[in-house]
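Welcome! Take a look at the sequence and the model, then try each task before reading on.

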Amino acid sequence: MVNTRQVWLNFLALLPGTTLTVLTIAVAFLRFYDEQDFQFLQLIADPRAWSNRLTVAALVVAVVNFGVEWNGRNREADRRAKAEEQATRRARIETERDLALLSFLAEPSDDNRRKLTQVLAVLNEYRDSLS
């Protein structure tokens, strides 16, 4: 099941970029066309002033979009670092397990049995921490 919160966050993350595109198109439209080209532009008083306002709005949205992208990239880098750290830990634990098991199979002494039991306890803790 998809997390509803994540769906909304993904949707909201698209808004700055989309808004920036729409504002850029509106600025260009108001700058390069007039009421002779499109009749409905007669409804807009002073299209140049509106074009300037939309340009400022586009700059603000560009800064917001930069922040959203920056945050997304930082979160992804953090997620990758944690996954890498976890993979390294898991590999180390598995190596310890294999060595303890091989030592016990080669020589089933009490000392090797104790080492194997300790490694199995660590594996159980690791498994529980993933839950």
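**Exercise 1. In what kind of crossing, left-handed or right-handed, does α2 pass α3?**

Solution. Please keep in mind that you are working with a predicted model.
Step 1: Find the partner of α2, which is helix α3, covering residues 110–130.
Step 2: Look at how the two helices pass, and you will find that the crossing of α2 and α3 is left-handed.

**Exercise 2. Find out which residues of α2 and α3 meet.**

Solution. 
Step 1: On the α2 side, pick out the residues involved, among them Q86, R90, I93, A100 and F104.
Step 2: On the α3 side, their counterparts include N112, L116, V119, L123 and Y126.
Step 3: Sort the residues of the contact of α2 with α3 by class, and you get ten nonpolar, four polar and six charged.
Step 4: Turn to R90, which sits in helix α2. With a relative accessibility of 45%, R90 is partly exposed. R90 and R127 are 37 residues apart along the chain, and their C-alpha atoms are separated by 9.8 Å.

**Exercise 3. Describe how α1 and α2 pack.**

Solution. 
Step 1: Locate the helices: α1 takes in residues 4–32, and α2 takes in residues 47–106.
Step 2: Their packing angle is about 160°, with 8 Å between the axes. An angle over 145 degrees counts as roughly antiparallel, so α1 is roughly antiparallel to α2.
Step 3: Note the handedness, as α1 passes α2 in a left-handed crossing.
Step 4: Sorted by class, the contact of α1 with α2 has 16 nonpolar, six polar and two charged residues.

**Exercise 4. Is S51 buried or exposed?**

Solution. 
Step 1: Find S51 in helix α2.
Step 2: The relative accessible area of S51 is 0%. Buried means under 20%, so S51 is buried.
Step 3: Setting aside neighbours within four places in sequence, S51 is in contact with V27, L30 and R31.

**Exercise 5. Explore Y33 and D46 in the loop between α1 and α2.**

Solution. 
Step 1: Start with Y33, which is partly exposed at 40% relative accessibility.
Step 2: Beyond its neighbours within four places in sequence, Y33 is in contact with F38 and L41.
Step 3: Compare positions along the chain: Y33 and F11 are 22 residues apart in sequence, and their C-alpha atoms are 32 Å apart in space.
Step 4: Move on to D46, a residue other than glycine with a positive phi, near 55°. D46 is partly exposed too, at 48% relative accessibility.

**Exercise 6. What radius of gyration does the chain have, and what would a compact globule of 131 residues have?**

Solution. 
Step 1: Count the elements: the chain has three helices and zero strands, in the pattern α-α-α.
Step 2: The chain has a radius of gyration of 30 Å, whereas a compact globule of 131 residues would be near 14 Å.
Step 3: Check the spans of the C-alpha trace along its principal axes, about 95 × 25 × 20 Å.
Step 4: Finish with burial, where 15% of the 131 residues are buried.

Notes: Residues are numbered from 1 along each chain as its sequence is written. This is a predicted model: local features need pLDDT of at least 70, side-chain atom pairs count only at pLDDT 80 or more; totals for chains, interfaces and linings use all residues. Side-chain values use heavy atoms; hydrogens and water are left out. Axes are lines fitted to C-alpha atoms, for helices over the stretch in contact, and angles run from 0 to 180 degrees between N-to-C directions. Helices (H or I, at least four residues) and strands (E, at least two) are DSSP runs, numbered from the N terminus. Angles under 35 degrees count as roughly parallel, over 145 as roughly antiparallel, 65 to 115 as roughly perpendicular and the rest as oblique. A crossing is left-handed if the near helix is turned anticlockwise from the far one by less than a right angle, and right-handed if clockwise. Ala, Val, Leu, Ile, Met, Phe, Trp, Tyr, Cys and Pro count as nonpolar, Asp, Glu, Lys and Arg as charged, and the others, Gly among them, as polar. Buried means under 20% relative accessible area, exposed over 50%, partly exposed in between (1.4 Å probe, protein chains only). Contact means heavy atoms within 4.5 Å. The radius of gyration is taken over C-alpha atoms; the globule rule is 2.2 Å times the number of residues to the power 0.38.
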